Amino acid sequence: MTVTEKKYSKYVGKLYWSNNRNSLVTIEGLRKTEYGNRWKFDVFYSNPDVGPQSRNITCTRIEQLLEVGQWIPADQYIANQPPVSSTK
């Protein structure tokens, strides 16, 4: 396993919230393209209104989305939500 592959493989299987798509996103796989030799993630958007739900996005783009806060780890997103009132 290369250093780059190790770097990106830590994201595989993680769940994120996409602010710009209002959807949970799962990073399902990692692969290197033949054309251009770029590493890409296979991602899946759980919101059926997002089309297409399965996409291939470059790893550097995912890192940018995380850096600027467009994608947030799901546990962090849930922790920052206001509590649901149990009163009717």
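Two strands are taken to pair if DSSP finds at least two bridges between them, and strands (E, at least two residues) and helices (H or I, at least four) are DSSP runs numbered from the N terminus.

**View 1. The five-stranded sheet of the predicted model.** Five strands form an open sheet in the order S4-S3-S2-S1-S5, with antiparallel pairing. S4 and S5 stand at the edges with a single partner strand each, so one side of each is left without a neighbour in the sheet. Neighbouring strands are turned by 40° against each other on average, direction ignored, where axes are lines fitted to C-alpha atoms, for helices over the stretch in contact, and angles between N-to-C directions run from 0 to 180 degrees. This is a predicted model, in which local features need pLDDT of at least 70 and side-chain atom pairs count only at pLDDT 80 or more, while totals for chains, interfaces and linings use all residues. Residues are numbered from 1 along each chain as its sequence is written, and side-chain values use heavy atoms, with hydrogens and water left out.

**View 2. Strand S1 between its two partners.** Strand S1 (residues 15–18) pairs with strand S2 (residues 23–32) in the antiparallel sense over four bridges, and the bridge partner of Tyr 16 in S2 is Val 25. The two strands form a hairpin with four residues between them; in this loop between S1 and S2 lies Asn 22, which has a positive phi of about 50° although it is not a glycine. Towards strand S5 (residues 71–73), S1 is joined by three bridges, and these two strands also run antiparallel; here Ser 18 has Trp 71 as its bridge partner in S5.

**View 3. Strands S3 and S4 and the loop between them.** S3 and S4 pair in the antiparallel sense over five bridges, and the bridge partner of Asp 42 in S4 is Asn 56. The loop between these two strands contains Pro 52, and the peptide bond that leads from Gly 51 to Pro 52 is cis, with omega near -10°.

View 4. Rings of Phe, Tyr and Trp (its six-membered ring) pair if their centres lie within 6.5 Å, and planes under 30 degrees apart count as stacked, over 60 as edge-to-face and the rest as tilted. By this rule the count comes to five aromatic pairs. The rings of Tyr 11 and Phe 41 have centres 5.8 Å apart and planes at 75°, so this pair is edge-to-face; it links distant parts of the chain, with Tyr 11 in the loop between helix H1 (3–9) and S1 and Phe 41 in strand S3 (residues 39–45), 30 residues apart. Tyr 11 is buried at a relative accessible area of 14%, and Phe 41 counts as buried at 0%, where buried means under 20% relative accessible area, exposed over 50% and partly exposed in between (1.4 Å probe, protein chains only). The rings of Trp 17 and Tyr 77 have centres 4.5 Å apart and planes at 10°, so this pair is stacked; Trp 17 belongs to strand S1 and Tyr 77 to helix H3 (residues 74–79), 60 residues apart. Trp 17 is buried, with a relative accessible area of 13%, whereas Tyr 77 is partly exposed at 23%. Ring pairs also link Tyr 8, Tyr 11 and Phe 41 into a cluster.

**View 5. Helix H2 across the sheet.** H2 lies across S1, S2, S3, S4 and S5, running at about 90° to S4. The buried residues of this helix (residues 59–68) are Cys 59, Ile 62 and Leu 65. They cover an arc of only 120° around the axis, which puts them on the same side of H2, the arc being that of the directions from the helix axis to the C-beta atoms. These buried residues pack against H1, S2, S3, strand S4 (54–58) and S5, with contact meaning heavy atoms within 4.5 Å. The face turned away from the buried side carries the exposed residues Glu 67 and Val 68, and just after H2, Gly 69 takes a positive phi of about 90°.

**View 6. The largest nonpolar core and Phe 41.** A nonpolar core is a set of buried Ala, Val, Leu, Ile, Met, Phe, Trp, Tyr and Cys residues joined through side-chain atoms within 4.5 Å. The largest one has 15 residues, and those with the most contacts inside it are Ile 27, Phe 41, Val 43, Tyr 45, Ile 62 and Trp 71. S2, S3 and H2 are the elements that give two or more residues to this core, and its largest share, four residues, comes from S3. Leaving aside neighbours within four places in sequence, the contacts of Phe 41 include Ile 27, Gly 29, Leu 30, Cys 59 and Ile 62.
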